[in-house]
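Here are a few friendly notes to read alongside the model. Please keep the 3D view open as you go through them.

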Amino acid sequence: LGKIQQESSNYADALQTYNEALRIVALNNGEEHVRTAVLRSYLGDMLRSQRKYAEAQTHYEAALRIERAALPADHAILAGTLLRLGDLQRRTADFPAAEQSFDEALRILGDRPNGQRAQVLQTYAALDRAEGHFDAAARRLHESFEMFRAVSGDSIYTWLTAMLEVQALTLAGHLDRADARAAEAVAALQRAAPDDPYNSTFAAVTVGSLRQAQGRHAEAVEQYRIALAGTDRIYGPDHVESAEVRSSLAKSLLAVDPVGNRNEARALATAAFAFLSTT
């Protein structure tokens, strides 16, 4: 029930439900039982998605303490909690701690291809990006892509990871490689889920950024218009994703025609700034 409420963005009820489940498990099994650790990870996930990072970290650290005491040192559940904690540490700019969490998770999971290792590599790449290590991010994402492909074939996970690789390659300045990978990924996502609004929006944002980096601003405008319609529909206009697309669209509009597109670009940039300056 808590999962359903969380996925429906009903966070207040989800928090109450998870806490009630935690109370029941603790009453029957004790505060330090591994089942309480799993519930604490769920609570951490929900709080992390709401950017309540301090509260989330408390739950992750409690889960980790219980798992270290109750589970073998190489247990996959432990790796999953380290992945979550590492992502939170990245978001709070505690980069050395995030690196330690990801490194331990990878050691636990070993070299055998599996989806959890691919996910750790993908999240580790986000840390590389945050630190400005774009080539390292691209390498990790390519490894994640290959691993997802080995364990799940041409799945959504495989090709969304390829899109993340396109972003890292673009930031690293490898525009030809990014272009080739983007064409491959867009075609694969169209085959796998042609009507998925999230995938098409994410692809448009990624390709728009690539076209902008290539100086192909008219094509970037076309992609960013698709992306903006998608982010406004999925997240609403008052969301960081929508604000960032508005800012990028304004930049390419001015590059195409600084006089003719001035008013539209000003309106987009003003809306983006008004939101971002309050978050």
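1. In which kind of crossing, left-handed or right-handed, does α10 pass α11? The crossing of α10 past α11 is left-handed, a word used when the near helix is turned anticlockwise from the far one by less than a right angle (clockwise would be right-handed). Helices here are DSSP runs of H or I with at least four residues, numbered from the N terminus.

2. A word on the source: this is a predicted model, in which local features need pLDDT of at least 70 and side-chain atom pairs count only at pLDDT 80 or more, while totals for chains, interfaces and linings use all residues. Residues are numbered from 1 along each chain as its sequence is written, and side-chain values use heavy atoms, leaving out hydrogens and water.

3. Two packed helices are described by the angle between their axes and the distance between the axes. For α10 (residues 175-192) and α11 (residues 197-213), the angle is about 160° and the axes are 11 Å apart. Axes are lines fitted to C-alpha atoms over the stretch in contact, and angles run from 0 to 180 degrees between N-to-C directions. The two helices are therefore roughly antiparallel (over 145 degrees; under 35 is roughly parallel, 65 to 115 roughly perpendicular, and the rest oblique).

4. Now look at which residues meet. From α10 come L175, A178, D179, A182, V186 and L189, and from α11 come N199, A203, V207, L210, R211 and A213. Contact means heavy atoms within 4.5 Å.

5. Rings of Phe, Tyr and Trp (its six-membered ring) pair if their centres lie within 6.5 Å; planes under 30 degrees apart are stacked, over 60 edge-to-face, and the rest tilted. Y198 counts as partly exposed at 38% relative accessibility, whereas F202 counts as buried at 15%. Buried means under 20% relative accessible area, exposed over 50%, and partly exposed in between (1.4 Å probe, protein chains only).

6. The whole structure holds five aromatic pairs. In one of them, F102 and Y124 have ring centres 5.1 Å apart and planes at 35°, so this pair is tilted. F102 belongs to helix α6 (residues 95-109) and Y124 to helix α7 (residues 115-130), 22 residues apart. Both F102 and Y124 are buried.

7. Finally, find Q212, also in α11. Q212 is buried, at 14% relative accessible area.
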